[in-house]
Amino acid sequence: TLFRSPWELIELIGSGHFSKGMDRQTIAMAINEVFTELILDVLKQGYMWKKGHKRKNWTERWFVLKPHVIRYYAREDMKDKKGEILLNENCFVESLPDKDGKKCLFLIKCLDKSYEISASDKKKKQEWIQAIQSTLTLQRLSSSPPHKEAREKRRALRQKKEAEQERRDQELQELQRENEKKQQELEAIRKEQREAAIRAAEDERKRVQTQLELQERFNRELERQQQIGAMMAQKVAEKSSELQHNVNRLRELEEMYKELQAALDDEKQARQDEETVRRLQARLLEEEAAKRAELEKWHQQQALTIQMSEAEKQELENQRILKERALNVAMQQLEQLERERSEALQQYQEVKIKLDMAARSEE
């Protein structure tokens, strides 16, 4: 269906046929943007900061870009216009570096005046520069804005569709006349179909009777199959119980294997401990023998000192005292070694008991 005006399309969208899943505020904003661009010739609009020409201060303004002019207002309602920038072939726009604490700057330079403007972010800045450059390019090429060209194309397309629709209406009338003729032929066919339906009903009755007999035979066969299924289910349950028993037995064997493995590890550890105790005991015995040999040597030296002269006795007496002190220290060390040997022997006995226990548990 073609629309005579945009208001018919807006009314249809408002009824909800083309806006399921969308809220009315979103639809209203979209319609407003379309109306602003197509009807009011607004190519772009939004808030930006403008630098003054006299006081050089920055003021936020609402800018509106149209095909030949940029107007700026105090607020978005566009009631208080503050000025305008006429766009012609002498104007151009370029990007500026950040300065004076302002970012996203660009310059609109005309023949008699230049305007420094700051956008809210880099994306807005680039959008404004591209929109202004496109407008200036269209002016130099003496071309209409893209939305105007699209509007003319849509008008020509609408006229073409209306002519096509009129041709289709004529064809539809011709088809309706043909349809009436077909209806008459169809009525004769329907009469034949009713007679055929009577014959089909008789055939259906016979078919139903045959189907009932087959159904009864099928029910008897189904009952027999159910009995066989019950017997099979019983056998499956017995096999399942036997399988569960085997699984439990397998788990018990696995636990026994783990216990035997642990006992074997304990035995290996006990043997390693026994070997360590044996080495320690041998080292202690060697140290004890060395201490005894040293004591025997000291006793022999003491006997020799008794046979010396009186003059040497005093000196030897001093040496004897020192040696006796060393002997006492050595005796204390020997006693300490004896205690360590006893403790090592006790540890050896404990390890031996553990080995015997591990060997018995393995058996």
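Buried means under 20% relative accessible area, exposed over 50%, and partly exposed in between (1.4 Å probe, protein chains only). These legends describe a predicted model, in which local features need pLDDT of at least 70, side-chain atom pairs count only at pLDDT 80 or more, and totals for chains, interfaces and linings use all residues. Residues are numbered from 1 along each chain as its sequence is written, and side-chain values use heavy atoms, with hydrogens and water left out.

**Figure 1. Overview of the chain and its confidence.** The chain holds 5 helices and 7 strands. Helices (H or I, at least four residues) and strands (E, at least two) are DSSP runs, numbered from the N terminus. Read from the N terminus, the order is α-α-β-β-β-β-β-β-β-α-α-α. Of the 363 residues, 20% count as buried. The accessible surface is about 28500 Å², and carbon and sulfur atoms hold 52% of that area. Areas come from the Shrake-Rupley method with a 1.4 Å probe; for residues, only the protein chains shown count as cover. Among contacts (heavy atoms within 4.5 Å) with a separation of 6 or more, 45% join residues 24 or more positions apart. Mean pLDDT, the predictor's confidence in each residue from 0 to 100, is 83 for the chain. A score of at least 70 is reached by 83% of the residues. Over residues 1-5, pLDDT stays under 50. The model has 8 contacts beyond four places in sequence for that stretch.

Figure 2. Rings of Phe, Tyr and Trp (its six-membered ring) pair if their centres lie within 6.5 Å; planes under 30 degrees apart count as stacked, over 60 as edge-to-face and the rest as tilted. The count by this rule is 3 aromatic pairs. Tyr-47 and Trp-62 make an edge-to-face pair, because their planes stand at 70° with ring centres 4.8 Å apart. The pair links distant parts of the chain: Tyr-47 sits in strand β1 and Trp-62 in strand β2, 15 residues apart. Tyr-47 is partly exposed at 35% relative accessible area. Trp-62 is buried at 8%.

Figure 3. Phe-63 and Tyr-72 form a tilted pair, 5.5 Å centre to centre with 35° between the planes. Why does Phe-63 count as buried? Its relative accessible area is 1%, and the limit for burial is under 20%. Tyr-72 is buried too, at 8% relative accessibility. Ring pairs link Phe-63, Tyr-72 and Trp-128 into a cluster.

**Figure 4. Two loop residues with positive phi.** Lys-56 has phi near 60°, a positive value in a residue other than glycine. Lys-56 is found in the loop between β1 (44-51) and β2 (58-65). Cys-104, also not a glycine, has a positive phi near 55°. The loop between β5 (92-96) and β6 (105-109) holds Cys-104. Buried or exposed? Cys-104 counts as buried, at 11% relative accessibility.

Figure 5. Side chains of opposite charge can pair when their charged atoms come close. A salt bridge is a side-chain nitrogen of Lys or Arg within 4 Å of a carboxyl oxygen of Asp or Glu. The count by this rule is 25 salt bridges. In one of them, Arg-190 meets Glu-187 at 3.9 Å, N to O. Both lie in helix α4, 3 residues apart, about one turn of the helix. Arg-190 is partly exposed at 37%, as is Glu-187 at 41%. Arg-283 and Glu-287 meet at 2.9 Å, N to O. These two are 4 residues apart in helix α4, so about one helical turn separates them. Arg-283 is partly exposed at 41%, and Glu-287 at 28%. In the bridge of Glu-324 with Arg-320, the closest N and O atoms are 2.0 Å apart. Both residues lie in helix α5 (residues 310-362), 4 residues apart, about one turn of the helix. Glu-324 is partly exposed at 32%, and Arg-320 at 23%. Elsewhere, salt bridges that share partners join Lys-51, Lys-99, Asp-100 and Glu-116 into one network.

**Figure 6. A nonpolar surface patch.** Leu-250, Leu-253 and Met-256 form the patch, with about 280 Å² of accessible area together. Patches are made of residues with over 30% relative accessible area and no salt bridge: like charges are joined within 9 Å, nonpolar side chains (Val, Leu, Ile, Met, Phe, Trp, Tyr) within 5 Å. Leu-250 lies in helix α4 (residues 146-306). Leu-250 is partly exposed, at 48% relative accessibility.
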